[in-house]
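Biologist: I am new to this structure. Please take me through its main features.

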Amino acid sequence: MKFLSEFRDPALVERLVDELHRTVRGQWTLMEVCGGQTHSLVKNGLMDLLPPGVRMVHGPGCPVCVTPVPLIDLAVRLVLQHGATVFSFGDMLRVPGTSHSLAQAKAAGGDVRVVYSPLEAVAFAKAHPERQVVFFAVGFETTAPANALALVHAHREGLRNFSLLASQVLVPPAMAAVLADPASTIQGFLAAGHVCTIMGLDEYESIVARFRVPVVVTGFEPVDLLHGILMAVTQLERGEARLENQYARVVRPEGNPDARRVLRDVFRVADREWRGIGTIPASGLEVREEFADFDAKVRFGLEDAPEPSSGGCIAGRVLRGQARPTECPHFGQACTPLTPVGAPMVSSEGACAAYWHVAQAPVPLVRGGRHG
Amino acid sequence: MAETLRPAPSMTLACPAPTGDGGHVIMGHGSGGLLSQQLLDRAVFSRFRAAELSQRHDGAVLAFDGPVAFSTDGYVIAPIEFPGGTIGELAVHGTINDLAMCGAMAEVLSLGLILEEGLPLSTLDRVLAAAAGVGDAAGVHVVTGATKVVERGKGDGIYITTAGIGRVHRRAAIAATRIATGDAILLSGPIAAHGIAIMSVREGLAFETPTVSDTRALHRAVGALLDACGEAVHCLRDATRGGVGAVLAELAQQGGRGMRIRQTALPIAEEVDGACELLGLDPLYVANEGVFVAIVDGAHADAALAALRAAPGSEGAVRIGTVADDGSGQVLLESAIGGARIVHLPPGEQLPRIC
């Protein structure tokens with residue numbers, strides 16, 4: 001994989017780790033916003049290369065984790081009661097709803113299918129005019145343009161049997177919500193590189209100005225992450241708070257104008273419920289009224305239900321970086337990757353799942369190497 | 001399904017010759033009557049020629065001296081045919097390999113077919129030709145079998161069960177409980193090819209370099225390893241579903257030993273690695289059909305590797321790690337960049353990640 005190997009180069013990693021160790025004097029808490037970054041930190045074992053003065057908090061940037069229970073219930077109802085074919089990204093399947101996850105709805109006879117691209121759902125709808133096809137449009141700004149494009153294609157084809165169940169969320173309002181919380185301990189952010197690839201950098205200047213925290217737009221490879229952490233920590237050590245772009249090889253300041261245009265054409269910004277966090281103003285994307293025929297909620301007359309009580313699950317506080325998963329009464333007891341109570345236990349980059357796997361190890365996960 | 005209900009040429013009751021490429025499996029093929037006989041003649045007896053099978057009895061009478069291993073498995077896969085093989089190769093290789101992991105060299109197999117009404121006979125022919133071909137190549141004989149037909153919609157075209165018996169190598173002493181501190185963890189070849197080959201067909205993905213399944217028989221590689229190292233081979237396991245990651249996590253758990261493996265030592269073809277990256281899959285958990293893990297006394301690691309590399313099917317063998325001196329029962333992967341993470345038992349099927 002060219003364009004990847006150089007960002008996984010052990011020599012470069014070692015240099016960055018050394019520099020981090022030399023730079024860090026204080027105690028700093030950073031949040032990596034995106035689930036993909038969390039996944040890379042865990043998968044590459046980066047967490048135990050960091051100096052003790054740097055604490056990484058996994059942010060709410062796993063779209064699967066923040067999809068509210070009532071929306072999953074709507075998807076399950078579409079499958080089991082309306083007999084619709086629901087297409088979804090893979091890791092959404094195991095997330096528990098009130099009575100069923102989508103995987104359980106599938107086992108109960110429902111037609112649930114995993115896809116990589118929403119356009120596959122459009123192709124299926126075209127080939128099966130007798131089926132009602134719904135794409136469960138989960139995701140951040142990164143996946144939303146593809147979802148919007150699917151709708152545009154379906155509209156162009158005049159499909160009467162394709163709709164979106166929109167569950168798209170926006171990152172900057174969530175970052176602001178995390179920081180506005182008086183209990184927040186977050187001192188700096190690694191912003192999600194791929195979100196910025198679409199949306200550009202504008203939205204982050206106001207977060208920096210309002211909350212006086214460093215925000216570093218960061219990529220996903222080991223070198224990217226360590227470099228982003230180093231940039232944020234360097235700012236903190238110097239008492240600075242600026243917006244920096246570590247991921248400049250991919251992220252342009254203006255983002256991707258074509259993708260932004262299709263987003264504006266198809267979706268409107270709306271208040272959104274985040275699982276475990278609550279409603280964040282102007283943090284979601286809903287299908288515009290012009291395309292109401294392609295909005296599953298309109299087509300099937302679905303009503304939003306309120307988020308049920310969390311039953312003691314502290315996923316919301318975990319997602320805001322205020323509690324560690326191990327503080328939850330359900331952790332490792334009622335809640336394990338096989339029987340997830342909260343969404344962060346579901347996907348492998350969920351904070352709770354990451355902690356669960358580490359907690360299974362009777363030996364401490366510390367390397368005996370250079371920085372151990 | 002007018003076509004499948006059309007009276008086949010067999011209705012003349014005169015000639016059991018193949019019905020040509022246009023035919024399909026119909027319910028009557030499972031009736032036990034003439035249609036069944038015709039199907040078996042065409043598809044099975046023409047290809048599998050063991051003396052025991054040709055007696056067309058209800059079972060095979062066999063004689064063995066000394067210890068034998070006995071194993072069975074069921075094969076279900078969609079699609080039935082995929083880059084690098086069919087369900088036929090999988091069914092024969094799978095049981096040969098299960099026996100090999102017991103230190104046994106497969107000699108005879110049973111072959112159970114569950115066919116779905118409507119399956120093109122040409123597909124059945126290709127699957128069974130493939131099964132017979134790899135059985136012959138492996139020196140393994142099908143000595144008994146059975147065929148059933150289920151209604152359309154109640155099967156995935158074809159399911160196969162195979163059971164097998166193999167003579168246990170005289171120096172084999174294989175058990176997870178024999179895994180000991182300092183043992184070398186060896187891998188017989190590059191990983192994740194089978195799972196990616198299947199995924200690429202299922203998802204309709206076309207890669208520049210198409211990945212083919214690694215389905216292969218492993219008994220000769222295991223035989224060579226046992227000839228060279230005998231009792232120093234402590235444990236063997238083929239890394240099928242759940243991949244190398246699940247196998248190691250399970251062995252560590254069963255043996256109550258910690259394991260350390262190095263990410264940089266894991267052999268993986270560049271195109272397979274790229275596909276995993278694209279699909280959001282961890283190659284450690286992707287299925288293989290021709291790769292096994294061997295845990296060998298550390299002092300015999302070099303001899304074991306030399307034997308494997310000289311044997312057919314394990315030319316790409318490498319050492320990926322060591323059994324540690326802790327009783328953690330955990331596998332720790334040292335990442336390419338020097339970090340560490342736990343290789344855990346996956347909770348269920350690996351689901352592609354959204355971001």
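**Loops, cores and sheets**

Modeller: Arg212(A) lies in the loop between α10 and β8 (215-218) of chain A. Here helices (H or I, at least four residues) and strands (E, at least two) are DSSP runs, numbered from the N terminus. This is a predicted model, in which local features need pLDDT of at least 70 and side-chain atom pairs count only at pLDDT 80 or more, while totals for chains, interfaces and linings use all residues. Residues are numbered from 1 along each chain as its sequence is written, and chains are lettered from A and ligands numbered from 1 in the order in which they are written.

Biologist: What is phi of Arg212(A)?

Modeller: Phi of Arg212(A) is near 55°, which is a positive value in a residue other than glycine. Most residues other than glycine have a negative phi, and most peptide bonds are trans.

Biologist: Is Arg212(A) buried or exposed?

Modeller: Arg212(A) is exposed, because 12 other C-beta atoms lie within 10 Å. A residue is buried if 20 or more other C-beta atoms lie within 10 Å of its own, exposed if 12 or fewer, and partly exposed in between, with C-beta atoms placed from the backbone.

Biologist: And what about Ala282(A), where is that found?

Modeller: Ala282(A) belongs to strand β11 (residues 278-287) of chain A. Phi of Ala282(A) is near 50°, again a positive value in a residue other than glycine. Ala282(A) counts as exposed because it has 12 C-beta neighbours inside 10 Å.

Biologist: Which residues does a cis peptide bond join?

Modeller: A cis peptide bond joins Ala78(B) and Pro79(B), with omega at about 0°. Pro79(B) sits in the loop between β1 and β2 (81-82) of chain B.

Biologist: Changing topic: which members of the largest nonpolar core touch the most other members?

Modeller: That core has 123 residues, and those touching the most other members are Ala75(A), Val86(A), Phe136(A), Leu165(A), Phe189(A), Ala191(A) and Ile229(A). Helix α4 (residues 69-80) of chain A gives the most to this core, contributing nine residues. A nonpolar core is a set of buried Ala, Val, Leu, Ile, Met, Phe, Trp, Tyr and Cys residues joined through C-beta atoms within 7 Å.

Biologist: What does Ile229(A) touch?

Modeller: Leaving out residues up to four places away in sequence, Ile229(A) touches Leu20(A), Leu30(A), Val54(A) and Leu190(A). Two residues are in contact if their C-beta atoms, placed from the backbone, lie within 7 Å. There is also a second, separate core of 111 residues, which includes Leu53(B), Val149(B), Ala221(B) and Ala301(B).

Biologist: In chain B, where is His219(B) found?

Modeller: His219(B) is in helix α7 (residues 219-229) of chain B. His219(B) counts as buried because it has 26 C-beta neighbours inside 10 Å. It touches Ile96(B), Leu99(B), Ala100(B), Met105(B), Ala106(B) and Ala138(B), not counting residues up to four places away in sequence. Gly327(B) is 108 residues apart from His219(B) along the chain, and their C-alpha atoms are separated by 31 Å.

Biologist: On to strands: in chain A, how do the side chains run along β4?

Modeller: Along strand β4 (residues 111-114) of chain A they alternate. Strand β3 (residues 85-88) of chain A runs parallel to β4(A), and four bridges join the two. Within β4(A), Arg113(A) is the bridge partner of Phe87(A).

Biologist: What is the order of the open sheet of four strands in chain B?

Modeller: The order is β1-β6-β4-β5 (chain B), with mixed pairing. Two strands pair if DSSP finds at least two bridges between them. The edges are β1 (68-75) and β5 (141-150) of chain B, each with a single partner strand, so one side of each is left without a neighbour in the sheet. Strands β4 (residues 104-116) and β6 (residues 158-168) of chain B run antiparallel and are joined by 11 bridges. Opposite Val108(B) stands Ile165(B) in β6(B).

Biologist: And what order has the open sheet of seven strands?

Modeller: Its order is β8-β10-β7-β11-β9-β12-β13 (chain B), with mixed pairing. The edge strands β8 (233-238) and β13 (340-343) of chain B each pair on one side only. Three bridges join β9 (residues 259-262) to β11 (residues 318-323) of chain B, and these strands run antiparallel. Met259(B) has Val323(B) in β11(B) as its bridge partner.
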